[in-house]
Amino acid sequence: MTTAFEPVHVAGTTLSNRIALAPMTRSRAGQGGIATGLVAEYYTQRASAGLIISEGIQPSVVGQGYPFTPGLHSAEQVAAWREVTDSVHAAGGRIFAQLMHSGRIGHPSLLPAGLVPVAPSAVAAQGQLFTGDGMKDFVTPHELTGAEVRQTIADYAQAARNAIEAGFDGVELHGANGYLIHQFLAPGSNLRTDEWGGPTENRIRFAVEVVKAVAAAIGAERTALRVSPGNTYNDISEPDPQPVYEALVKEIDGLGLAYLHVLEHGPQARETTLALRKQFSGPFVLNPATEGPTDHRALPLIEDGVADLLAFGALFLANPDLPERLRTEGPYNTPDPTTFFGGDARGYTDYPTR
């Protein structure tokens, strides 16, 4: 029987255990999307995880969706991330960069003058987000042209190269939680009638092409994908998600990816998880749906073969030494929502995105 505390081979290296730090938005970057010393400290504190998956990092200027989030599209950003990855590696950790293009989830006030959020279709998400000027409604995004879709794919590939130059062990593509890749997958946000929209085989094309482009740039063994079938976050509508994600996994399974990361959402989530687990031949990371923060009670999912690694979010924020606390079944510091949402010295929020 395999346990969470046994090694696992991922991305050409052996991880010390099967516990991952889930990617969570931290909004602690400095001016110009630069990772700071606070970022290095945060990840180094959690280096006992078998795998650290970073917060979402925008692959291009227009990919930014929140204040104070970091990028991987400039030389200065690459240099700053090198200090983070060096610190994590010195502490014995392994870290993947999560590339997150927010698509329509953003606001012009977060972008250079003249830019607006972009998306598969000119459909505004319902809701608001925090900006430097307070809460703002989401705007109608610019619908990407065919040429712009291709350029966006190229932006992901270049950001992946930058991640490797910055010392990351690999890249996870954020295809979940209502951001750009997810927006292409979901029929409610993708109304296109060209090769990038319409039937399932077209709506999965953007995700497949991004994965292939990044795999070609840095190697498939250092490329991973995160998905959240049926997740309604950020006004996503996916009435029948399982066939879509099965089609997606079928297209990428033969590439030899580092892993597939599934975030569960909704009452039918485990059924979809088991279907994708059966279909995907590589390492399988699961962020399971649980009541309250995921803790040691989820570890049998590894023992039962449902997942190869488990990703922990909120509990890892409150317990930087979480792998050892999971081993002893606690005690745990209780996650404090006022810490996640209460703001930092700049008056902005820290919050998890699971």
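S5 and strand S10 (residues 170-175) pair in the parallel sense over 4 bridges. Ala97 stands opposite Val171 in S10. Some ground rules. This is a predicted model, where local features need pLDDT of at least 70, side-chain atom pairs count only at pLDDT 80 or more, and totals for chains, interfaces and linings use all residues. Residues are numbered from 1 along each chain as its sequence is written, and side-chain values use heavy atoms, with hydrogens and water left out. Strands are DSSP runs of E, at least two residues; helices are runs of H or I, at least four; both are numbered from the N terminus. Pairing takes at least two DSSP bridges between two strands.

Back to S5, residues 95-99. Of its 5 residues, 5 are buried (under 20% relative accessible area, 1.4 Å probe, protein chains only; exposed is over 50%, partly exposed in between). Ile95, Ala97 and Leu99 point one way, Phe96 and Gln98 the other.

S5 also runs parallel to strand S4 (residues 51-57), joined by 4 bridges. Ile52 has Ile95 as its bridge partner in S5.

Next, a hairpin. Strands S7 (residues 128-131) and S8 (residues 134-137) pair antiparallel over 4 bridges. The hairpin joins them through 2 residues. Gln128 is partnered with Asp137 in S8.

Last, Leu191. It lies in the loop between helix H4 (180-185) and helix H5 (200-203). Leu191 is exposed, at 52% relative accessible area. Leu191 touches Ser121 and Val123, with contact meaning heavy atoms within 4.5 Å; residues up to four places away in sequence are not counted.
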